Structures are given as C-alpha cells and as structure tokens.
Amino acid sequence: MRVTRPMLALSGAVAILALTGCGGSGGKDAAAVPKEVSGSLEHIAAEADCEPDMQTDADTIRQALCKKGKDKYVLATFATDRGQREWLNSAKDYGGYYLVGRKWVAVGQQKTVTALQGTLGGTMEEGSEHMNPGGSHNKGGHGGGSGHHG
C-alpha cells in the first residue's frame with residue numbers, strides 16, 4: 001500500500017490532536033536557543049533523549065512518538081523542505097505547537113516543545129486558532145474541564 005501525502009498529513013494531525021490537549025501555560029520563552037540539530041529521526045530523537053516509537057516510516061516522512069517525562073510529542077522528519085512545509089500547512093489547521101527545524105518537526109504541548117527548543121534549537125510556530133474560537137486552546141487560557149470539541 002502506498003502512503004500518500006494527504007494520508008500522512010491526516011495521521012499527523014490526528015496524532016497532534018491526541019497529544020496537544022489543553023493545558024500548559026507557556027510562560028517564559030527559551031532564553032538561549034542552541035544551534036539547530038539536523039540528521040536522521042533517530043539522531044534528533046537521541047539529542048532529545050527520546051527512544052522513538054516509530055509510527056510512519058515512508059520515503060517522504062518518518063514519524064515517531066516520543067515521551068518527555070509525562071508529556072508526549074510527535075517527532076517527524078521529511079525527505080524534502082517542500083514536503084515538510086506542505087505537511088505543516090495541513091497539520092497547523094488543527095492547532096497545536098510546532099518546533100520546526102530543517103526537515104524536522106516536533107509537535108506537542110507548548111511547554112513540551114518550548115523545553116525541546118532548548119535542546120534541539122529550531123523555531124516555534126503555532127497552529128491555527130480557527131478550531132478554537134478566540135484562540136483559547138493555543139493561548140492556554142481556557143477554564144479547564146470541558147475537553148476538546150470537534
């Protein structure tokens with residue numbers, strides 16, 4: 001079976017929704033961002049002290065689940081810059097927080113990816129707020145208890 005880009009974007013987006021949850025008040029920005037890591041998914045995972053649980057291993061994308069304490073996040077590497085940007089454009093429609101490096105992305109709760117930035121470098125990007133009117137999910141400002149709708 002051939003895995004298509006839309007299928008990969010959808011699987012990534014589903015994983016993002018499952019992992020980002022509401023929570024985490026991302027107070028402080030990383031004081032000093034280190035030089036951005038690069039390399040294979042396994043190399044980047046090792047830098048983040050993650051033993052990757054592979055979910056997708058295709059020619060265009062490799063995707064794994066990682067844990068950092070109690071927090072989980074998705075780590076994905078891409079064969080091309082274009083493939084990465086297309087994946088991000090699709091996945092960001094679902095909200096969430098993205099740490100973006102050259103041909104890799106880490107996706108999870110704001111506090112998790114902010115902490116990863118201190119190890120992996122990269123640039124923080126935020127997903128769309130259209131799934132959460134007023135941006136309450138992405139800003140960490142909801143009152144809690146109600147869960148996700150959608």
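Which residue forms a salt bridge with Arg85, and how many Å apart are the closest N and O atoms? I looked up the pair: Arg85 bridges to Glu125, with the closest N and O atoms 3.2 Å apart. A salt bridge here is a side-chain nitrogen of Lys or Arg within 4 Å of a carboxyl oxygen of Asp or Glu.

**Ground rules.** I am reading a predicted model, where local features need pLDDT of at least 70, side-chain atom pairs count only at pLDDT 80 or more, and totals for chains, interfaces and linings use all residues. Residues are numbered from 1 along each chain as its sequence is written, and side-chain values use heavy atoms, with hydrogens and water left out.

**Layout.** I counted elements next and found 5 helices and 6 strands. Both kinds are DSSP runs numbered from the N terminus: helices are H or I with at least four residues, strands are E with at least two. Along the sequence the order reads α-α-β-β-β-α-β-β-α-β-α.

**Whole-protein values.** I noted that 41% of the 150 residues count as buried. Buried means under 20% relative accessible area, exposed means over 50%, and partly exposed lies in between (1.4 Å probe, protein chains only). The protein exposes about 8100 Å², and carbon and sulfur atoms supply 50% of that area. Accessible areas come from the Shrake-Rupley method with a 1.4 Å probe; for residues, only the protein chains shown count as cover. I also checked contacts, meaning heavy atoms within 4.5 Å. Among contacts between residues at least 6 apart in sequence, 57% join residues at least 24 apart.

**Back to the salt bridges.** I searched the whole structure and got 7 of them. Side chains of opposite charge can pair when their charged atoms come close.

I returned to Arg85 and Glu125. Arg85 sits in helix H3 and Glu125 in strand S6 (residues 123-126), 40 residues apart. Arg85 is partly exposed at 35% relative accessibility, whereas Glu125 is buried at 18%.

Helix H3 (residues 81-91) also holds Asp81. The side chain of Asp81 meets that of Arg102 in a salt bridge of 2.8 Å, N to O. Arg102 lies in the loop between strand S4 (97-101) and strand S5 (104-108), 21 residues from Asp81. Asp81 is partly exposed, at 34%.

Then I took Arg62 and Glu42, whose side chains meet at 2.7 Å, N to O. Arg62 is in strand S2 (residues 61-68) and Glu42 in helix H2 (residues 41-47), 20 residues apart. Glu42 is partly exposed, at 38%. Shared partners join Glu42, Asp57 and Arg62 into one network of salt bridges.

**Cores.** Which residues touch the most other members of the largest nonpolar core? I listed Tyr73, Leu75, Leu99, Trp104, Ala106, Leu116 and Leu120, out of 17 residues in that core. A nonpolar core is a set of buried Ala, Val, Leu, Ile, Met, Phe, Trp, Tyr and Cys residues joined through side-chain atoms within 4.5 Å. H2, S2, strand S3 (71-78), S4, S5 and H4 each give two or more residues to this core.

Beyond neighbours within four places in sequence, its contacts include Leu41, Ile44, Ala64, Cys66, Trp104 and Ala106. A second, separate core has 11 residues, among them Ile61, Val74, Trp87 and Val100. In soluble globular proteins, nonpolar side chains tend to be buried together.

**Last stop.** I checked Gln109, in the loop between S5 and helix H4 (110-120). Gln109 counts as buried, at 16% relative accessibility.
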